[in-house]
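This report walks a new reader through one protein. Please keep the sequence and the structure in view while reading.

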Amino acid sequence: MGIFDKLKSAAVTAATSAASSLGNKKETFTFAALPESLAEMQALPEAALETPFQTAALTVCALCAYAAEPKIGTEMLNWLRGPRPLGGHEISFLNDRFRGGKTYVPFSYFAGATPENNYTPNEPFTITVETNPYSDAEQGYKKLFIQSGGADSPRSVQLRMRGSDGKWFLWEQFLLPDIRIPKAADPWA
């Protein structure tokens with residue numbers, strides 16, 4: 001046994017113990033249909049906004065609505081943001097992200113949506129939201145992660161809890177960066 005073997009063994013044991021105690025949490029949500037209005041979104045059980053997972057899942061639904069009809073999507077996002085509606089800069093950013101026919105990006109977060117099927121999700125629409133070891137780095141906030149069928153690593157959404165009632169609201173979303181293009185739009189496919 002070398003002089004460093006004991007240290008190496010202790011480090012591996014400590015790392016394994018720390019990783020298992022952190023335990024990433026996953027929640028999966030299923031929607032028979034995506035909401036097409038703010039009223040439809042507010043009628044969903046997830047609209048209670050009691051957990052950050054619910055708000056994150058609804059954020060993807062709102063971005064899908066925005067891709068189809070920006071006015072409706074804006075209403076949904078403003079509701080999910082609580083007392084902090086979208087500003088002009090944020091609306092301009094959303095418009096830019098969907099420019100050039102990239103309306104498929106938010107749909108890529110649902111199960112079954114891949115570049116090969118042009119990001120057509122399975123029905124019912126299923127989405128999984130999860131934590132990682134850095135999800136609770138800031139008190140009162142929660143950073144959650146959602147895997148896109150067109151990206152190698154999950155993308156994040158940050159939620160903030162309102163202290164007066166414990167509801168979770170959208171603070172920031174990082175769900176709209178470029179992903180692999182759909183097969184139908186790929187000239188090399």
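Which residues touch the most other members of the largest nonpolar core? In this predicted model, they are Phe 31, Phe 110 and Ile 127, within a core of 45 residues, where a nonpolar core is a set of buried Ala, Val, Leu, Ile, Met, Phe, Trp, Tyr and Cys residues joined through side-chain atoms within 4.5 Å.

The largest share, 12 residues, comes from H3. Phe 31 touches, among others beyond four places away in sequence, Leu 44, Cys 61, Phe 110 and Ile 127, a contact being heavy atoms within 4.5 Å.

The protein holds 5 helices and 5 strands, arranged along the sequence as α-β-α-α-α-α-β-β-β-β; helices (H or I, at least four residues) and strands (E, at least two) are DSSP runs, numbered from the N terminus. Of its 189 residues, 38% are buried, meaning under 20% relative accessible area with a 1.4 Å probe and protein chains only.

Gln 158 lies in strand S4, residues 155-161, and is buried, with a relative accessible area of 11%. Among the residues that Gln 158 touches, leaving aside those up to four places away in sequence, are Tyr 141, Phe 169 and Trp 171.

Residues are numbered from 1 along each chain as its sequence is written, and side-chain values use heavy atoms, leaving out hydrogens and water. Local features need pLDDT of at least 70 and side-chain atom pairs count only at pLDDT 80 or more, whereas totals for chains, interfaces and linings use all residues.

Conventions: Buried < 20%, exposed > 50% of the residue type's maximum accessible area, 1.4 Å probe, protein only.
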